[in-house]
Amino acid sequence: MSIMSNAKRALAIAAASATLFSMAACGSSNAAGSKSDSSSAASSGKIEVVASINQWGSVAKDLGGSNVEVTNIMTKTNVEAHDYEPTSQDVAKFGTAKVAVVNGADYDPWATKAAQSTKAALVTAAETAGIKEGDNPHVWFSAKVRSNTADAITAAYQKADPSHKDDYAKFNKDWHAKEDQLEFKIKDTSSKTENLPYAATESVAWYLAGDLKMTDATPKGYAQASANESEPTPADIKDFQDTLKAGSIKMLVFNSQEANSTTDQITGAAKDANVPIVELTEQMPKQYTNLLDWMSALVDQFAAAVK
């Protein structure tokens, strides 16, 4: 996260709140529009679903098939959810949804705020595993959170559309079969990565690295600055560079979605020290339409980076 994330999140929440208030204040004209949207959704026979980020939206789609219509708010990797400023159209999508899927853990507070102000059944991924504000929010990298969130989405679908309860149960079973394959790959890869010391420019893939039984060796000063959403000091950066040069770090995880002059210095030091770099993003890249496929590809990257 950048140093401006807290301020941007506050503005995003305020924008979402203001939009909700203005929609409520608009009276009959907006009410008519909402009624039209609801009638359209009802005539299609599909559950209208909105997801704050595309990776959870892909799970929602896999678990609903043709019975759901999923809208993703964030779909690009050139901005992260921490800094996202929702439009009035974004917020309005929550108002017509029957099910809303958000990340939680203060990653997308604008979405949580918008969803809580509607009648949509709310699934908060982080909460399914007891992860709260202040904890690492990149929970889609966690096998436990993925599984728990899938079950929560299925339960929301079955409640909203009981006539297709068996369909949702089958979709859930099929999804878990794929998740089980991914977790088998993770377990197999962990035989190579267990106890491997790695460092990260940002703790994006912390849960995945944990599932791979790796050891976080990011220099303390840099790691604390990143966690506190502040800029690392020149001493922190030099310590990171020196640690890479010393050879105790065997892999660098780089979040290219948050590339800046500081990360350029860190990745440059890793290249000079011949330390393998695993490059990834926070939002699911456009070449993937499925969270599990993306995670599987990342596991392959981690495996390939082991010397």
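Q: Which helix makes a right-handed β-α-β unit with E3 and E4?
A: In this predicted model, the unit begins with strand E3 and ends with strand E4. Those two strands run parallel and are joined by four bridges. The helix of this right-handed unit covers residues 109-116 and is H5.

Q: Which residue of E4 is the bridge partner of valine 99?
A: Strand E3 spans residues 99-102, and E4 spans residues 121-124. Valine 99 has its bridge partner in E4, and that partner is alanine 121.

Q: Which residues of E3 point the other way from Val99 and Val101, and are they buried or exposed?
A: In a regular strand the side chains alternate between the two faces of the sheet. In E3, Val99 and Val101 point one way. The residues pointing the other way are Ala100 and Val102, and like Val99 and Val101 they are buried.

Q: Which residue in E3 is the bridge partner of alanine 51?
A: Strand E1 (residues 47-53) pairs with E3 in the parallel sense over three bridges. The partner of alanine 51 in E3 is valine 101.

Q: Which strands are the edge strands of the open sheet of four strands?
A: The order of this sheet is E6-E5-E7-E8, with parallel pairing. An edge strand here pairs on one side only. That applies to residues 215-216 and residues 277-280, which are strands E6 and E8.

Note on methods: Residues numbered from 1 in each chain as written. Predicted model: local features only at pLDDT ≥ 70, side-chain atom pairs only at ≥ 80, totals over all residues. Heavy atoms only, no water. Pairing = 2+ DSSP bridges. Buried < 20%, exposed > 50% of the residue type's maximum accessible area, 1.4 Å probe, protein only. Right-handed = clockwise from strand over helix to strand, strands pointing away.
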